[in-house]
Structure formats: structure tokens, C-alpha cells
Amino acid sequence: MARVIHVFRQPDRFVAGTVGEPGERTFYLQASEDVRTVSVQLEKQQVSVLAERIGALLDEVQRRFNTDLPAEPPDDLLDTDPLAVPVDEEFRVGTMGLGWDAETEAVVVELLAVTEEEIDESVVLDDTEEGPDALRVFLSPAHARAFAERAERVINAGRKPCPLCAEPLDPAGHICPRQNGYRRSEEV
């Protein structure tokens with residue numbers, strides 16, 4: 001079966017979002033252009049790494065090419081709307097690629113589907129006919145900063161960490177390993 005590469009050269013929207021309650025959330029990246037929307041599922045850690053690496057890539061491009069890039073996203077690009085529904089998962093993300101297209105001065109994000117066999121690195125950011133399905137999005141530096149900021153907000157909107165062990169606090173309770181399973185009494 002031929003490889004499907006969903007390309008968004010000038011997306012109207014590229015955002016991270018979740019479905020579900022904290023502790024039970026499923027993470028998605030969603031790209032939209034005109035009437036076309038593609039959603040891919042990934043892990044919380046993958047969203048975090050992508051946001052971090054986009055920031056590092058933009059900082060490196062600015063340093064290396066002495067290019068004036070925005071340090072913060074413009075307010076008009078900050079997207080707080082929920083994911084477009086219905087959220088129909090195109091595929092689950094296994095491998096992520098990130099690059100800089102100097103010709104168009106755009107950040108290129110590529111997300112490849114999980115596969116059973118090992119992926120040859122040459123298929124990342126390439127249009128080869130063989131390989132896993134992919135989502136490829138081109139973002140201006142300002143849109144890339146806005147994506148990274150929203151991704152950080154989405155990640156931090158989950159369960160609050162325990163001040164002692166940093167594990168997530170569940171609404172039903174938390175047995176902290178730092179207290180050997182004991183809970184402090186409210187009466188002191």
C-alpha cells in the first residue's frame with residue numbers, strides 16, 4: 001500500500017490538544033487548512049519534547065543565521081480554542097522529525113505513524129514512496145512559537161504534582177512514597 005503524506009504548507013491551525021479528564025487524557029496534534037483537518041494521536045511526553053525542540057530549533061536558527069525571529073508568539077496567534085470535532089485519529093505517532101526550510105523560512109514538523117518494522121531515517125522529511133504514513137506541517141517562526149506555547153499549556157493543564165514526590169495527585173487520593181504510604185493527619 002502506498003504511503004500517505006498529509007502536507008500542510010500554510011495551515012490555518014496547528015495545535016496540541018487533549019480529549020478526556022486529567023489522568024485519562026489522550027493527546028492529539030491537529031492540523032487544519034481550508035476544510036481539511038488531520039488529527040494524530042501521540043504521548044504527552046512526545047508533545048513536551050516537540051514543544052521544547054521547536055524552541056531550541058528557533059533559537060539555533062536565530063544564532064546560526066543571525067536571523068531576527070520572534071522570542072514570544074504574537075498575541076493574535078495564541079490559540080485557546082478546543083480541538084475541532086470530531087477528532088478522528090489518522091494514525092498514532094511513532095517517530096517525529098523537525099527541520100528548518102531556509103528557502104521558505106519555515107519550521108517543518110513531520111510526524112510518522114507507528115510501524116512494526118524499524119524506520120529508515122531517510123524517510124523522515126522525504127517524499128519516498130515506501131515508509132509509514134506522515135503528517136508534514138510548515139510553520140512560520142511566529143506560528144511555531146505559538147504552537148510551542150500552547151503545547152506547554154496543554155501539558156501543564158493535567159493533574160497537579162505532589163509537592164513531596166512530584167507524582168501526579170489523583171482526585172481520589174494519593175499515597176506518597178516519600179511518606180511510606182502514610183497520610184498526614186489534619187489534626188495537629
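Student: How many bridges join strand S2 to S3?
Tutor: Seven, and strand S2 (residues 13-19) and S3 run antiparallel. Two strands pair if DSSP finds at least two bridges between them. Helices (H or I, at least four residues) and strands (E, at least two) are DSSP runs, numbered from the N terminus.
Student: Is this an experiment or a prediction, and how is it numbered?
Tutor: It is a predicted model, where local features need pLDDT of at least 70, side-chain atom pairs count only at pLDDT 80 or more, and totals for chains, interfaces and linings use all residues. Residues are numbered from 1 along each chain as its sequence is written, and side-chain values use heavy atoms, with hydrogens and water left out.
Student: Back to S2. Which residue in S3 is the bridge partner of arginine 13?
Tutor: Serine 32.
Student: And what is in the turn of that hairpin?
Tutor: Six residues lie between S2 and S3, and glycine 20 in the turn has a positive phi of about 115 degrees.
Student: What about S3 and S4, how many bridges there?
Tutor: Seven bridges, with S3 and strand S4 (residues 36-42) paired in the antiparallel sense. Tyrosine 28 has glutamine 41 in S4 as its bridge partner. That hairpin has two residues between the strands, and aspartate 34 takes a positive phi near 55 degrees.
Student: How many residues of S3 are buried?
Tutor: Seven of the eight in strand S3 (residues 26-33). Buried means under 20% relative accessible area, exposed over 50%, partly exposed in between (1.4 Å probe, protein chains only).
Student: New topic: aspartate 68, buried or exposed?
Tutor: Aspartate 68 is exposed, because its relative accessible area is 74%. Aspartate 68 lies in the loop between helix H1 (44-65) and strand S5 (89-101).
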